[in-house]
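My entries follow the structure.

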Amino acid sequence: MTDFESDLDWLLEAQVRGEVAAWRLDDVAEYDSMRELGNELIATLCARALVDVASPANLDEVAQVREALLAVDGFDRAKVRHLSAALSRRLWELQQ
């Protein structure tokens with residue numbers, strides 16, 4: 001048995017025991033999409049902060065978005081989808 005096969009066996013056994021959640025290709029794409037939405041929202045908020053320097057609300061929201069992005073566990077599919085929806089909704093609001 002090669003090292004790769006041994007590692008793969010360990011990973012499969014850990015998944016069966018519920019210790020490790022498997023990432024599927026669509027999970028990775030969904031997580032990357034969520035991060036891109038977050039980056040786009042942060043960029044939009046920073047641009048608005050440059051225009052309206054009197055209001056710190058945009059920068060406060062940048063901090064909140066950044067914290068939310070860092071807090072999401074990539075293995076929690078429901079939270080990734082929920083945050084993606086919230087980020088999309090907020091971007092839509094700002095673009096109106």
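I looked up Asp 27 and found that this residue counts as buried at 5% relative accessibility, where buried means under 20% relative accessible area, exposed over 50% and partly exposed in between, with a 1.4 Å probe and protein chains only. The model is predicted, and I kept in mind that local features need pLDDT of at least 70, that side-chain atom pairs count only at pLDDT 80 or more, and that totals for chains, interfaces and linings use all residues. Residues are numbered from 1 along each chain as its sequence is written, and side-chain values use heavy atoms, with hydrogens and water left out.

I took a salt bridge to be a side-chain nitrogen of Lys or Arg within 4 Å of a carboxyl oxygen of Asp or Glu, and by this rule I count 4 salt bridges.

In one of them Asp 27 pairs with Arg 77, with the closest N and O atoms 2.8 Å apart. Asp 27 belongs to helix α2 (residues 25-51) and Arg 77 to helix α4 (residues 77-95), so this pair ties together parts that are 50 residues apart in sequence; helices here are DSSP runs of H or I with at least four residues, numbered from the N terminus. Arg 77 is partly exposed, at a relative accessible area of 27%.

I next checked Arg 90, which is partly exposed at 24% and forms a salt bridge with Glu 61, the closest N and O atoms being 2.6 Å apart. Glu 61 counts as buried at 16% relative accessibility.

Glu 93 also meets Arg 90 in a salt bridge, 3.1 Å from N to O, and I noted that shared partners join Glu 61, Arg 90 and Glu 93 into one network.

Technical notes. Helix = DSSP H or I, 4+ residues; strand = E, 2+ residues; numbered from the N terminus.
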